[in-house]
Amino acid sequence: MKITNIPIYIHIPFCEKKCNYCDFPSFANQNERYINIYLECLENELKELNRISSLIQAKTIYIGGGTPTFLSETQLERLFIMLHKYIGINDIEEFTVEMNPGSVSNDKLKILKQNGINRISLGVQSLNDRELDVLGRIHNSNDVYRTIDLLVSNDFNNWNIDLMYGIPEQTVDSWIDTLAHAIKFKPKHISTYNLKIEENTKFYNLYQNKELLLPDEENIITMYQHTIDNLIKESYKHYEISNFCIDGYQSKHNLIYWDNYNYIGIGSSAWSFIGNIRYSNPTSIGSYIETYKSESLSSSWHDVLSKKVEIIDCNLRCQMEDYIMLGLRKIEGISVADYKRRYLQSFEANFSKQIEKLLAHDLMVRTNRGYKLTDKGVLLSNEVIEEFFE
Amino acid sequence: MNDHMDKQSRTRNFSIIAHIDHGKSTLADRILEFTGALTSREMQDQVLDKMDLERERGITIKLKAVRLKYNAKDGNEYILHLIDTPGHVDFTYEVSRSLAACEGALLIVDAAQGIEAQTLANVYLALDNDLEIIPVINKIDLPNADPERVKQEVEDIIGLDASDAVLASAKEAIGIEDILEQVVSKIPAPNGSSDAPLQALIFDSHFDPYRGVIVYTRVVNGCIKPGMKIRMMATEKEFEVIELGTFTPKPIKVDELNVGEVGFVVASIRNVKDTRVGDTITDAKRPAEKPLPGYRKVNPMVFCGMYPVETAEYEGLREALEKLELNDASLQFEPETSTALGFGFRCGFLGLLHMEIIQERIEREFNINLITTAPSVVYHAYLNDSNKTFVKIDNPTKLPSPDKLDRVEEPYVKASIMVPNDYVGAVMEICQNKRGDYKDMKYIDANRVSIVYEVPLSEIVYDFFDQLKSQTKGYASFDYEIIGYRTSKLVKMDILLNNEEVDAFSLIIHKDKAYQRGRLLVEKLRGIIPRQMFEVPIQATIGNKVIARETISAMRKNVLAKCYGGDISRKRKLIEKQKEGKKRMKQVGNVELPQEAFMAVLQMDEPSKK
């Protein structure tokens with residue numbers, strides 16, 4: 001079996017410190033030895049993949065976390081050596097590494113550059129030091145300036161910054177301020193996320209005790225609308241509910257997720273979608289290491305799957321729902337021709353009732369290629385998507 | 001003396017009267033254990049309460065009779081029939097019939113709590129049936145037990161001689177033998193003649209899918225044998241006896257049920273409604289002249305609409321009701337249609353508890369999500385035509401418009417409340433608020449007062465229990481009986497959602513209370529109904545007049561901000577969960593209503609004056 005043109009996600013679940021809002025399977029401040037064991041497991045997983053597929057050719061690679069740049073220089077080099085060894089990356093279109101301001105040195109950036117990284121995603125979150133403190137981030141706004149200087153001096157020109165609104169104690173004004181500063185950096189890509197309080201986080205406990213001063217819904221909506229207005233004014237294109245970019249710099253890797261195509265995830269808690277099967281690696285780093293600590297002798301697809309923790313067999317209905325769920329999050333919406341090509345059915349025939357209702361409620365509109373959410377629909381996108389679910 | 005006369009003289013039929021929580025079930029367990037009917041190992045806690053639901057709620061719904069053998073200190077072996085009674089005001093009539101099957105009763109009184117209104121009601125029922133009452137002061141092991149005070153209460157309130165009252169603790173198995181000795185020595189053996197024409201009192205029945213209805217009966221005169229053709233004297237239905245038996249508590253087949261005995265009859269009876277509680281079984285070939293006294297047909301007092309949340313489950317709901325009806329002769333239902341809720345059933349119950357039990361059983365045993373409309377009583381409407389035509393109104397939507405009405409009558413109850421004197425003011429305020437007419441107030445002892453009011457049943461159905469409980473910190477006990485119909489100033493109040501009338505919310509209400517209730521109800525609904533994708537006005541109206549209005553603002557934002565990398569399933573689960581929530585809602589017009597909304601009409605806290 002050959003796997004070509006595939007996006008690959010590599011998960012590095014280590015951080016210097018866990019943030020107050022984070023419910024990601026990431027693990028703060030692990031010692032070097034433990035990280036090395038983890039890297040060995042990544043290699044074992046890649047080897048296993050190689051055994052069932054002689055050729056894996058990446059279209060994009062995204063190294064996410066955690067904080068991938070928490071790895072030492074030696075560890076980063078080891079990671080790249082193994083990626084080159086097991087994955088064909090000659091034709092790679094996009095190679096992203098996530099990093100946090102302050103976690104990266106000039107030397108580390110040089111390693112990334114040497115190894116073909118052509119896109120950086122920077123977890124800035126806010127440029128207000130008080131807000132960064134509330135979030136429990138390890139960096140301050142000065143670290144952001146320094147890191148961006150380093151990126152520029154190392155010739156990285158395609159980078160994203162992640163920003164967060166709805167932070168406790170944040171005001172509409174402080175958000176507009178953060179946004180304005182971010183624009184001055186001239187990033188090619190900006191992701192703006194509304195902070196959500198997840199269970200099993202520090203914030204969740206504070207929230208339960210009503211000790212979290214979150215901006216109210218009206219303010220959040222105002223923040224979101226300012227985001228769209230201000231970024232569009234600065235020539236950014238709004239292309240996904242939470243994502244903006246200078247045209248041509250869309251995240252290719254993420255677009256593949258949103259187009260509901262296949263991808264491979266390597267590392268603890270990473271999800272893959274192959275054929276019509278979605279599956280996840282063991283979630284905790286411990287159980288992942290347990291699974292991949294020794295070189296696997298698996299030689300069949302079935303053996304590989306038997307190691308995964310959640311295996312979802314997506315039937316046609318489920319695939320269509322996923323396609324709509326992800327597709328409608330793109331501002332251009334979904335293409336009925338693409339839907340037909342993918343699922344051999346008519347979107348309009350499948351969902352005539354839903355379409356009628358959503359058009360009537362002004363949540364969705366017809367485009368020349370299909371359907372997209374209205375501004376109102378974007379804010380209520382979960383309600384819209386739910387309509388299409390069985 | 002022949003065998004059965006000897007046996008008759010050694011038979012004792014008794015039941016246990018107790019307030020909820022005073023320890024009836026535990027005592028029954030101990031008696032079974034003591035007489036060796038069940039070994040401890042076999043013994044599931046509280047064996048007489050059969051259904052899970054009963055056990056959970058600590059109440060007994062279905063009666064049951066157990067035959068026990070007891071070797072008394074006088075050297076004789078006695079046959080004891082312990083007849084269990086339901087412990088709630090809704091089932092008063094059933095209680096009275098099982099008491100009628102006995103010659104005596106144990107009156108269990110909590111050594112700390114003393115006598116409660118409900119106990120009292122059942123004691124009077126027992127006295128009406130000329131039962132020998134043996135007082136038992138239970139829970140004497142409790143640190144705050146005061147048996148002497150409670151004995152005095154028994155003498156003062158009921159007028160029973162309590163000097164011999166057994167001091168017991170069912171939990172600790174103290175006093176069980178004393179109780180049994182008193183049963184043998186104080187309760188008379190059954191009267192009646194084995195040679196007289198058959199008269200057997202039906203005090204309960206239940207449906208067995210394999211054998212049909214199983215009738216629980218007490219033979220008052222004559223003898224039943226297998227093969228005999230029997231006749232139910234009220235329903236005039238005839239059946240052939242297939243099997244007779246008793247419960248020990250395991251069912252044991254017997255060759256006959258002779259005079260004085262208690263047991264069950266199987267006779268290929270298909271419908272519990274043919275075996276009405278209180279009816280008399282007689283020999284079809286040699287019928288008794290008269291039925292036993294005391295039979296009456298029980299009519300439901302409380303009605304509500306029951307609708308499946310999923311329209312497709314209508315047939316399932318019908319089957320569920322039919323199955324429950326097999327075992328519950330007092331449950332009534334007929335199909336009804338609501339513009340808001342679609343197809344469902346109008347169901348009649350003995351009371352609120354009965355309603356809640358049926359509702360829970362449907363949801364639990366049959367797995368059907370239900371919407372229950374607010375319970376309503378049966379109103380009597382008289383039209384202003386020349387005949388003053390009489391119409392029974394068991395559903396508020398059926399009340400004719402005011403211009404067609406001469407008058408409307410509603411059922412009243414006599415409510416007896418017993419309460420520590422600190423709470424007299426609170427209780428009287430509740431009763432006044434509930435349109436009650438003060439009738440009587442008596443001091444039972446230095447601390448406790450018995451208060452009697454006449455109150456419209458609809459006010460009892462509304463939230464009387466809850467208010468009574470909260471305003472008296474649970475100290476009040478309460479009992480009621482229907483006393484008849486009276487004319488009241490009643491109007492129909494409707495609720496409009498998004499300008500559409502939702503018939504399931506309509507209610508009949510006293511004119512003076514309509515404004516306040518209307519305002520409370522729309523406020524409550526605004527709190528319960530989730531925001532929709534558009535603004536939803538809620539209005540309460542009488543006729544065409546809007547008496548209260550609230551608005552639910554439109555939902556503006558429900559968006560998943562971060563789309564975490566490849567974890568699509570996480571997003572899916574979120575949407576699926578949201579979808580599940582919606583599925584539990586009922587679409588009424590354009591508005592999605594949660595089930596609680598339909599109960600909101602019932603559960604409103606009146607603003608209390610502090």
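How are α1(A) and α10(A) oriented to each other? The model is predicted; local features need pLDDT of at least 70, side-chain atom pairs count only at pLDDT 80 or more, and totals for chains, interfaces and linings use all residues. Residues are numbered from 1 along each chain as its sequence is written, while chains are lettered from A and ligands numbered from 1 in the order in which they are written.

Helix α1 of chain A spans residues 32-52, and helix α10 of chain A spans residues 285-292. Helices here are DSSP runs of H or I with at least four residues, strands are runs of E with at least two, and both are numbered from the N terminus. The two helices pack at an angle of about 50°, with their axes 9 Å apart. Axes are lines fitted to C-alpha atoms, for helices over the stretch in contact, and angles run from 0 to 180 degrees between N-to-C directions. α1(A) and α10(A) are therefore oblique to each other. Angles under 35 degrees count as roughly parallel, over 145 as roughly antiparallel, 65 to 115 as roughly perpendicular and the rest as oblique. The crossing of α1(A) with α10(A) is left-handed. A crossing is left-handed if the near helix is turned anticlockwise from the far one by less than a right angle, and right-handed if clockwise. From α1(A), the contact is made by A:Ile37, A:Tyr38, A:Cys41, A:Asn44 and A:Glu45. From α10(A), A:Ile285, A:Tyr288, A:Ile289 and A:Tyr292 take part. Two residues are in contact if their C-beta atoms, placed from the backbone, lie within 7 Å. The contact of α1(A) with α10(A) has 7 nonpolar, 1 polar and 1 charged residues. Ala, Val, Leu, Ile, Met, Phe, Trp, Tyr, Cys and Pro count as nonpolar, Asp, Glu, Lys and Arg as charged, and the others, Gly among them, as polar.

A further helix pair in chain A joins α6 (residues 172-184) and α8 (residues 217-233). Their angle is about 25°, and their axes lie 10 Å apart. That makes α6(A) roughly parallel to α8(A). The crossing of α6(A) and α8(A) is right-handed. α6(A) contributes A:Val172, A:Trp175, A:Ile176 and A:Leu179 to the contact. α8(A) contributes A:Asn219, A:Thr222, A:Met223, A:His226, A:Thr227 and A:Asn230. The contact of α6(A) with α8(A) holds 5 nonpolar, 5 polar and no charged residues.

Chain A also has an open sheet of 3 strands, in the order β12-β13-β14, with antiparallel pairing. β12 and β14 of chain A stand at the edges, each with a single partner strand, so one side of each is left without a neighbour in the sheet. The twist averages 15° from one strand to the next. β12 (residues 271-274) and β13 (residues 277-280) of chain A pair over 4 bridges. Strands pair if DSSP finds at least two bridges between them. A:Trp271 has A:Ser280 of β13(A) as its bridge partner. The hairpin of β12(A) and β13(A) has 2 residues between the strands, and A:Gly275 takes a positive phi near 60° there. β13(A) and β14(A) are also joined by 4 bridges. A:Arg278 stands opposite A:Ile312 in β14(A).

The contact between the chains draws 32 residues from chain A and 22 residues from chain B. On the side of chain A that touches chain B, the elements that each supply at least two residues include α8, β12, β14 (310-313) and α12 (316-327). The largest share, 5 residues, comes from α17(A). By class, this side of chain A has 17 nonpolar, 7 polar and 8 charged residues.

α17(A) is mostly covered, with 6 of its 8 residues buried. A residue is buried if 20 or more other C-beta atoms lie within 10 Å of its own, exposed if 12 or fewer, and partly exposed in between; C-beta atoms are placed from the backbone. A:Ser381, A:Glu383, A:Val384, A:Ile385, A:Glu386 and A:Phe388 are the buried residues of α17(A). Their packing partners include α12 and α16 of chain A and α13 (568-583) of chain B.

Chain B contains 14 helices and 34 strands. Buried residues make up 48% of its 610 residues. In strand β16 (residues 280-283) of chain B, B:Thr280 and B:Thr282 point one way, B:Ile281 and B:Asp283 the other, and all are buried. β16(B) pairs in the antiparallel sense with β7 (residues 199-208) of chain B over 2 bridges. 3 bridges join β16(B) to β10 (residues 229-232) of chain B, also antiparallel. B:Ile281 is the bridge partner of B:Ala200, and B:Met232 stands opposite B:Ile281.
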